[in-house]
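The following note collects points on local packing, strand pairing and aromatic contacts. Please read it alongside the sequence and the model.

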Amino acid sequence: MTSNNSIDKYLRPGKHSETLLINQISQLRASNKQKVYKFGFGQSPFPVPKKITQYLAESAHRKEYMSVQGHPPLRQAIASFHNDIEDKHWQADQIIVGAGSKILLFCIMAAFEKAEILLPSPSWVSYEPQGKLAGHTVDWIETKFEQRWQLTPDALERYCQARKDPNIPLILVFNYPSNPTGQTYSRSQLRALAQVMKKYNIIVIADEIYSLLTFKKDYATLDEFYPEGSIVSSGLSKWCGAGGWRLGFHYIPKQLGKAFFQAVIGVASETYSCASSPVQVAATHAYENQALAKEFLSRQRKLLSEVSEYCASSLSKVGVNVHQAQGGFYLFPEFSNFKNQLANRGITTSEQLTTALMDEIGVALLPGTAFGMPKSSLTARLAFVDFDGAQIWSSENEHAEYEKTIEGIKRLSDWLTNLD
Ligand code: PLP
């Protein structure tokens, strides 16, 4: 090899996932003993329950490759768990298990030689790059603060009517509770959207990775109204605090056909082969132990909703447009009320805003552009999970333990109110 540069022009435009990048920057700043409020990275702040980690330790000897589709007892446990807790009607043989739900999202996209990927903006950072890696076109439908950043049936209908070639499969990636907005859909909203989805045969990936962390009990799911076209994506990462275990799954409806299922299995077998065997065995216990899960979930929801309420109401008080989260780890504040003051400092884009916040007060947020928002929209994602859930639960005074979150929100509020 003469020079590494000779290959550069043949490379894909390499982009490190923005969420992982902000975490690295935050760590760098922290290692230089600078204070950082890590609202950039949305990792579960809760420990995996001890019983489940014990199962993992006891399963370390499981060194065999498991089937590509996933360990049958695990698929059965996942189906029973979601049927009981979320009133699904799933069969274990329609579930595929993967090394995290992220790779499965890619497998679905890569199973098509040609498809169009449709995303509401804002949407999670990895859908667009995955669609492009799979060789597809990716389109966005804009949403508005006033509509809680949600996709409306009218906007979806307009998009479908304007498509040049309606025969190309259209895949909508539809996530609720949403990363980055914290918003979820009601049953009536989902019913209305499902009518449009049916009319245009849209294949929907319903990303429900945060569904078990919906704060109120009235959790709604698209596959109640559009079971034939909804692939449901979920896994252990969020509700069980086990992101690094890399265990996710997809429920693929029978109606999408055997050939499609086999195509997805084909991509899985040529990429990750199977999810880690010890993790699959431990996950089987996690899904089988519903009493443990329910207790763990209700404690998490209580604390998450309390922290989110504190953050959203504090920011609203100083003039930030922000909706209370309805589930998950995130808020999506909009700073247009500070537009003039920010412009006076040369800040006109969300990236400039988040850079200034990091540089000046050590508050790490991700810019709206990372989620497909236009450059000029003064939006950012705030992950309100920079605390240690285990410490809080073992402490007498819960508030004392998310003090750092409170401090970070105060710094942000003060910075905004002192902009003039
Ligand atoms: N979907 C959303 C909306 C997410 O926020 C994440 C993780 O951050 C994922 C999917 C991927 O989760 P995992 O691959 O850990 O299952």
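1. Ser101 has a relative accessibility of 13% and therefore counts as buried (buried means under 20% relative accessible area, exposed over 50% and partly exposed in between, with a 1.4 Å probe and protein chains only). This serine belongs to helix H4 (residues 101-110); helices (H or I, at least four residues) and strands (E, at least two) are DSSP runs numbered from the N terminus. Beyond its neighbours within four places in sequence, Ser101 is in contact with Ile209, Ser233, Ser234, Gly248 and His250, contact meaning heavy atoms within 4.5 Å.

2. On provenance, this is a predicted model, in which local features need pLDDT of at least 70 and side-chain atom pairs count only at pLDDT 80 or more, while totals for chains, interfaces and linings use all residues. Residues are numbered from 1 along each chain as its sequence is written, and side-chain values use heavy atoms, with hydrogens and water left out.

3. Strand S3 (residues 116-121) and strand S4 (residues 137-142) pair in the parallel sense over six bridges; two strands pair if DSSP finds at least two bridges between them. Within this pairing, Pro120 has Ile141 in S4 as its bridge partner. Together with helix H5 (residues 127-133), S3 and S4 make a right-handed β-α-β unit. A crossover is right-handed if, with the strands pointing away from the viewer, the path from the first strand over the helix to the second runs clockwise.

4. Which strands form the open sheet that contains S12? Its order is S9-S12-S11, and the pairing is antiparallel. Strand S9 (330-331) and S11 are the edge strands, each pairing on one side only. S9 and S12 pair over two bridges, and Leu331 stands opposite Leu382 in S12.

5. Thr379 lies in the loop between strand S11 (366-367) and strand S12 (380-383). Is this threonine buried or exposed? Thr379 is buried, with a relative accessible area of 1%. Apart from neighbours within four places in sequence, its contacts are Trp149, Phe332, Pro333, Glu334, Ser350, Pro367, Gly368 and Met373. The C-alpha atoms of Thr379 and Glu334 are separated by 4.4 Å, although the two residues are 45 residues apart along the chain. The side chains of Thr379 and Ser377 are joined by a polar contact of 2.7 Å. A polar contact is a pair of N or O atoms within 3.5 Å; within protein, one must be able to donate a hydrogen and the other to accept it, and residues adjacent in sequence count only if both atoms are side-chain atoms.

6. The structure holds 19 aromatic pairs. The pair formed by Phe145 and Trp149 is edge-to-face, because the ring centres are 6.1 Å apart and the planes lie at 75 degrees. Rings of Phe, Tyr and Trp (its six-membered ring) pair if their centres lie within 6.5 Å; planes under 30 degrees apart count as stacked, over 60 as edge-to-face and the rest as tilted. Phe145 counts as buried at 18% relative accessibility, as does Trp149 at 8%.

7. Phe249 and Tyr287 are also edge-to-face, since their ring centres are 6.4 Å apart and their planes are at 80 degrees. Phe249 lies in strand S8 (residues 248-251) and Tyr287 in helix H9 (residues 277-288), so the pair ties together parts 38 residues apart in sequence. Both Phe249 and Tyr287 are buried. One aromatic cluster is formed by Phe81, Trp90, Trp239, Phe249, Tyr251 and Tyr287.
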